[in-house]
2 protein chains.
Amino acid sequence: MSTYNPPLKDTGFVLDQLVGFDSLCESLDLQEANMELVNVVVEEAGKLAADVLAPLNSVGDQNGATVSEGAVTETAGFADAYQQYVENGWATLTGPEEFGGQALPNVLGTAVNELWHSANMGFGLCPLLSQGAVEALIAHGSDELKTQYLPQLISGEWTGTMNLTEPNAGSDLAAVSAKAMPDGDTYKISGQKIFITWGDHQMASNIVHLVLARLPDAPAGVKGISLFIVPKYLLDEQGQPGALNDVSCVSLEHKLGIHGSPTCVMSFGDNGGATGYLIGEPNKGLSYMFTMMNHARQSVGLQGLSISERAYQQALEYSQERLQGSNPDGSKIAIINHPDVRRMLMAMKSGNEAMRALALSAAADIDRTHHGDAESKTRVELYTPIVKGWMTELAQEITSLNIQVHGGMGFIEETGAAQHYRDARILPIYEGTTGIQALDLIGRKTLFDKGAALAQLQTDIRSTVELLTSSSTAELQELGVQLNQSLNAATAASNYILENAPSDKQLMGAVSFDNLMMMGYLVGGWLLAQSALKADQLKAEDNAYGEAFLSAKIATSAFFADHYLPRVDQHSATIRTGLGKTFSIDIEQL
Amino acid sequence: MSTYNPPLKDTGFVLDQLVGFDSLCESLDLQEANMELVNVVVEEAGKLAADVLAPLNSVGDQNGATVSEGAVTETAGFADAYQQYVENGWATLTGPEEFGGQALPNVLGTAVNELWHSANMGFGLCPLLSQGAVEALIAHGSDELKTQYLPQLISGEWTGTMNLTEPNAGSDLAAVSAKAMPDGDTYKISGQKIFITWGDHQMASNIVHLVLARLPDAPAGVKGISLFIVPKYLLDEQGQPGALNDVSCVSLEHKLGIHGSPTCVMSFGDNGGATGYLIGEPNKGLSYMFTMMNHARQSVGLQGLSISERAYQQALEYSQERLQGSNPDGSKIAIINHPDVRRMLMAMKSGNEAMRALALSAAADIDRTHHGDAESKTRVELYTPIVKGWMTELAQEITSLNIQVHGGMGFIEETGAAQHYRDARILPIYEGTTGIQALDLIGRKTLFDKGAALAQLQTDIRSTVELLTSSSTAELQELGVQLNQSLNAATAASNYILENAPSDKQLMGAVSFDNLMMMGYLVGGWLLAQSALKADQLKAEDNAYGEAFLSAKIATSAFFADHYLPRVDQHSATIRTGLGKTFSIDIEQL
């Protein structure tokens, strides 16, 4: 098993130099939040992540949760770790102060969440889901529900879940069939939900299920779905968990990865109906879920970075230990000195840095959005499917490279490389598959506004190209040429889409994946180019980063440009072949 | 679990139309071998594969082999299946007649091997290794060893293994340290070997281990390795398995996939030395191993096709059953009609057809090589690292697409999609990692002859471009334009390599992977373009394929050109950035 070293310096660099954390906090009227606080917070979180959560990662993989008589027992050691997480206040980081939160910016919460998921993705899913529930309640819950549930969800005393999927309603939520029957002020919820992450466990004194269900008179389709709170334990008059509600875990899924995270089949209402409380208005559940989903999608994208970072660290460590081949003097060569191994490590490192830049930029845009900044809102809406879709796809490649660096040992489970690879495979699936993200990006985020948000992004990238090409540093000039070429290729593809896709739904769907990946590599390359510009500028100044670190930032950006930016052109070329032969073969001939 | 449908028509099309099986057999003086025979053989093999081996695939995954007191017990049911495989003569297909083989061409054996590995890759590894042992004995064994071992290896009564790897000697065979002490006419072998596929089992009455070891006076490095036969049971005077040799299985690896295939730590000589017999001359073991490895590498490349075909079939089946979304009339839509799902299926299908075209073309070149054709020898040497490297890398993508088509269900082990994905992950590792293949292609196969073999390939592709662009079919003209562009991009990168890599070992290694992948997509696209030309020609003739099948062949080629050929340009662009920043970051900053 590999150790985990929280990448504190890299995180600090992105927050300080790319995100501009201090000025962000000023603009948000957060007087006490600054880089000094960031460094303390991230370092402390890093300790819990590295010392407590990371060692439990393989334990969870090998000893997943079990279910008996409707109740789930999580991996031994997880409850104690969760207790430490709660007692140290980590759950409260970004919650609103009136409900016990620390009201720190979302971007700092995101930086910290990266560490949890790197250390132990299966464990990290539990707080991830709670954060989603908090979001939904803040945005749409009544004052009463907020008062009843938010303080304990924000403290971490209780955890939250999202209950959307049913056997016949996966990506297609219009097919949701769970029922909600009015019963006085409350509702009787019944139905089965599948793929419910951390649907049950013993780590918290209550579990707050958010459940999509239909009222008796609800319209068909997505316009007839309402959102309910269904607590595992009903609250007594003191607001404490009392009687067990009519909800239980029927079974656990046997999964490829994230064994530490129980994936439950949940049954509501086996004994007459689980008591539920309506959130917001009837039949608006889908739009409320989207509030949660946007946050959850960014969180899952972040997991793509987290697991890739962990995989990179493991490959880096192994490549320095493993000796293969000899120098002319007979001394053995560590494989990190083999060019193809070094290429793989650089591909992992540069991919991770692009993902971190994107994840934290998008997270900061959410902070600005909450503060009323319309431009940031537009930008983050464009970013969200890229964060979720592109980052989780790239995570497949990077976790696979870790196995490849290990050679035969990578295929042996005890090494631990395979776990990261298996765990990562869920990421392009849950919270909306890559296909769903790709449709969101090309449809709602590109065609819907006739490319306006995209045009602004292109303008911003063009500005960076100009800064690069007018730089006096040769490496940056070269980067400018490469970024410019990719921008042009991407723009050609985007224009093709804007011209042809509005009249052709099939074409839109057929090119949507390539469009998503193209935009991911373009944005990743652009953000790293900004990172290189900053590093170049800092090299002339007195600072704590040091020459070697800053030069490495420039080299990482250049490596990304050499090895990933050509994929922009590749996806652009494919997009411009349009629908092509996608549907020209009859099903019988497939 | 999915059913397996042997792709008989596709196999027949490639053998008949691309390989030209009948004229190949004529040129090999094989009077009785023709397409008629092929169809019978492949159909019969398909029955065993689909009816007997395929249902055991998930059984092997869930109930892998076990080891007790040095002996391995394979998955229940495998022994009976192996018995059927042997009794029906499948092991004898390509063996020489003097030792009981049927002397059928290697290309037919390859077509049949595709089926075994699709049905059950873990099982198929056992005959795969035996075939390697047969190859080595035929090429380098004494008449005595041949007489003693070949008939039973060819009949399948006994199985074979390859014992190369040691804990400190993986890709670097120079580090092999197993010892061989002369003892009269024989040798006492001692040492530990790891990652020994099917190193022990109860399916056959003997196991013939081929073992790399060092003689006492051997030079250091690869020039001091000799190859030995070490039978599990020593042969008695009647040539029958007698006393147990001093060899045992110490333990089994706990692997990510291919659980049905026991991966053994083998110990030789715990009790004074295992009796071994020298193959060929002392200290030539490495070059003998290469005889086996070239065959084994093509076989592993073939496994990449096999598992991708199985994954494709599963995705195709599921996508027709799974309903998500509704038509305006309320009827449900099977996801095969979703454009992004259709794109994934077409990507799988076109990738598989390119791989099959390459695998069988390379296999036919081996037949021609054995018949003394120097041009085919040159070509197949160029092809081998592409077959092994590119096909196994592409298999990662295609088995992953199968999971993606399944959505959440793909992550659930019971679905079976995850098994193919896990099983496939070994393919770019064993029999020489992708990095090793990439070095072989760029070094021994490209720089060593100063690009001569490559130039011939480019000339051949150019001829196909001319046929395409001069076609009266618009689709083929378009294909010609695309193939020409890719050829030019690849040639630019190859010329860059030929100019710069001879003087720069680091650059050679750093661009080797991109070169391998570039060549794979180029050759795949070229072979499918030939397939399209043949299909176009056949459409004007009277034949049994039918219009829909032939049109699909053209569409598949065009889809490959739209979706995979742009990767040629992408890899070319990366190659031409050279060593770039691969080594410019110090290890401390990684």
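At 8% relative accessibility, Asp365(A) counts as buried in this predicted model, because buried means a relative accessible area under 20%. The side chain of Asp365(A) meets that of Arg368(A) in a salt bridge, with N and O 2.9 Å apart. Arg368(A), at 22% relative accessibility, counts as partly exposed. Both residues belong to helix α10 of chain A, which spans residues 339-370. Because they stand 3 residues apart in that helix, about one helical turn separates them.

## Salt bridges

Over all chains, the structure holds 44 salt bridges. A second example in chain B is formed by the side chains of Arg379(B) and Asp460(B), at 2.8 Å from N to O. This pair links distant parts of the chain, since Arg379(B) lies in helix α11 (residues 374-406) and Asp460(B) in helix α14 (residues 452-469) of chain B, 81 residues apart. Arg379(B) is buried, with a relative accessible area of 11%, whereas Asp460(B) counts as partly exposed at 23%. Elsewhere, Asp10(A), Lys349(A), Glu353(A) and Lys553(A) are joined into one network by salt bridges that share partners.

In chain A, Glu547(A) forms a salt bridge with Lys539(A), and their closest N and O atoms are 3.6 Å apart. Lys539(A) counts as partly exposed, at 32% relative accessibility. The table lists salt bridges with their N to O distances.

| Residue | Partner | N to O distance |
|---|---|---|
| Arg368(A) | Asp365(A) | 2.9 Å |
| Arg379(B) | Asp460(B) | 2.8 Å |
| Glu547(A) | Lys539(A) | 3.6 Å |
| Glu475(A) | Lys581(B) | 2.2 Å |

## The contact between the chains

The pair Glu475(A) and Lys581(B) joins the two chains. Between chain A and chain B the count is 4 salt bridges, and 28 residue pairs are in polar contact, both residues having pLDDT 80 or more. On the side of chain A that touches chain B, helix α17 (residues 547-563) of chain A gives the most, with 9 residues. The residues of that side divide into 34 nonpolar, 31 polar and 21 charged.

The contact takes 86 residues from chain A and 86 residues from chain B. The size of an interface is often given as the accessible area lost when the parts come together. Here chain A and chain B bury about 7,300 Å² between them, and 61% of that area is on carbon and sulfur atoms. In chain A, the residues that lose the most area to chain B are Phe411(A), Lys581(A) and Leu590(A), which together account for 12% of what that side buries.

## Helix α5 of chain B

Helix α5 of chain B covers residues 78-87, and its buried residues are Phe78(B), Ala81(B), Tyr82(B), Tyr85(B) and Val86(B). These residues cover an arc of only 140° around the axis, so they are on the same side of α5(B). The face turned away from that buried side carries the exposed residues Asp80(B) and Glu87(B).

The buried residues of α5(B) pack against several elements of chain B: the helices α3 (35-53), α4 (57-62), α6 (106-119), α7 (121-140) and α8 (143-155), together with strand β3 (158-163). After α5(B) comes Gly89(B), whose phi is positive, near 80°.

## Two individual residues

Thr384(A) lies in helix α11 (residues 374-406) of chain A. Thr384(A) is buried, with a relative accessible area of 4%. The side chains of Thr384(A) and Gln298(A) are joined by a polar contact of 3.2 Å. When neighbours within four places in sequence are left aside, Thr384(A) is in contact with Asn294(A), Arg297(A) and Gln298(A).

Val67(B) lies in strand β1 (residues 66-68) of chain B and counts as partly exposed, at 31% relative accessibility. Not counting residues up to four places away in sequence, Val67(B) touches Val72(B), Cys249(B), Ser251(B) and Leu252(B). The C-alpha atoms of Val67(B) and Ile154(B) are separated by 27 Å, and these two residues are 87 residues apart along the chain.

Definitions and conventions. Residues numbered from 1 in each chain as written. Chains lettered and ligands numbered in written order. Predicted model: local features only at pLDDT ≥ 70, side-chain atom pairs only at ≥ 80, totals over all residues. Heavy atoms only, no water. Buried < 20%, exposed > 50% of the residue type's maximum accessible area, 1.4 Å probe, protein only. Helix = DSSP H or I, 4+ residues; strand = E, 2+ residues; numbered from the N terminus. Arc of directions from axis to C-beta. Contact = heavy atoms within 4.5 Å. Buried area = accessible area lost by both parts, 1.4 Å probe. Polar contact = N/O pair within 3.5 Å; in protein donor to acceptor, adjacent residues only side chain to side chain. Nonpolar A, V, L, I, M, F, W, Y, C, P; charged D, E, K, R; others polar.
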